[in-house]
Amino acid sequence: MPRTVDLFLDSDRPLSRVAEQLSELDLVRFVAAPDQAHFVARDGDVVAHLTDHDFLDDDDLPLSEFRYVLSASVQRTVPIEDSPELAFLRKVNAGLRQSGAFPSLLVIDLERPDTAPVGE
């Protein structure tokens, strides 16, 4: 099972507009996937996917309050705390909080609701 870092985002806007807004804030640049169902961001070796999510609430994590998730898989050879994926999503999260664009919640190593790895 891949380890991931997930940044949950909430907005009443469509996914394409959220990707556009994140780009306008100069936090991340997205490219639409061919199926238009998600957007892909690259930052060096980091690949992150912005999409709708199907996570359920988990104890004190109110994930159902967030409509979208920006997720990045972490290689097993790297401690997740030292990963460039976590550093990237922390930077995006800090920018969102500073701008007040929309609510966000950063979650490290959350169990995925399906068995498909992020990015497939």
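**Notes on charges and a buried serine**

1. Let me begin with a pair of charged side chains: Arg29 and Asp26 meet in a salt bridge, 2.9 Å from N to O. Both Arg29 and Asp26 are exposed. Please keep in mind that this is a predicted model.

2. The count of salt bridges comes to 3. Glu20 pairs with Arg17, their closest N and O atoms lying 2.9 Å apart. These two residues sit 3 apart in helix α1 (residues 15-24), so about one helical turn separates Glu20 from Arg17. Arg17 also meets Glu24 in a salt bridge, at 3.3 Å from N to O. Glu24 is exposed, because its relative accessible area of 53% is over the 50% cut-off. Through shared partners, Arg17, Glu20 and Glu24 are joined into one network.

3. How accessible are the other two members? Glu20 is partly exposed at 42% relative accessibility, and Arg17 is partly exposed at 24%.

4. Have a look at the surface, too: Asp57, Asp58, Asp59, Asp60 and Glu65 gather there in a patch of negative charge. Asp58 belongs to the loop between β4 (46-52) and β5 (68-74), and at 35% relative accessibility it counts as partly exposed.

5. Is Ser83 buried or exposed? Ser83 is buried, because its relative accessible area is 3%, under the 20% cut-off. Its place is in the loop between β5 and α2 (84-99). Leaving aside neighbours within four places in sequence, Ser83 contacts Val74 and Val78. Ser71 is 12 residues from Ser83 along the chain, and their C-alpha atoms are separated by 13 Å.

How values were computed:
Residues are numbered from 1 along each chain as its sequence is written. This is a predicted model: local features need pLDDT of at least 70, side-chain atom pairs count only at pLDDT 80 or more; totals for chains, interfaces and linings use all residues. Side-chain values use heavy atoms; hydrogens and water are left out. Patches are made of residues with over 30% relative accessible area and no salt bridge: like charges are joined within 9 Å, nonpolar side chains (Val, Leu, Ile, Met, Phe, Trp, Tyr) within 5 Å. Accessible areas come from the Shrake-Rupley method with a 1.4 Å probe; for residues, only the protein chains shown count as cover. A salt bridge is a side-chain nitrogen of Lys or Arg within 4 Å of a carboxyl oxygen of Asp or Glu. Lys and Arg count as positive and Asp and Glu as negative; His and the chain ends are not counted. The place of a charge is taken as NZ of Lys, CZ of Arg, CG of Asp or CD of Glu. Helices (H or I, at least four residues) and strands (E, at least two) are DSSP runs, numbered from the N terminus. Buried means under 20% relative accessible area, exposed over 50%, partly exposed in between (1.4 Å probe, protein chains only). Contact means heavy atoms within 4.5 Å.
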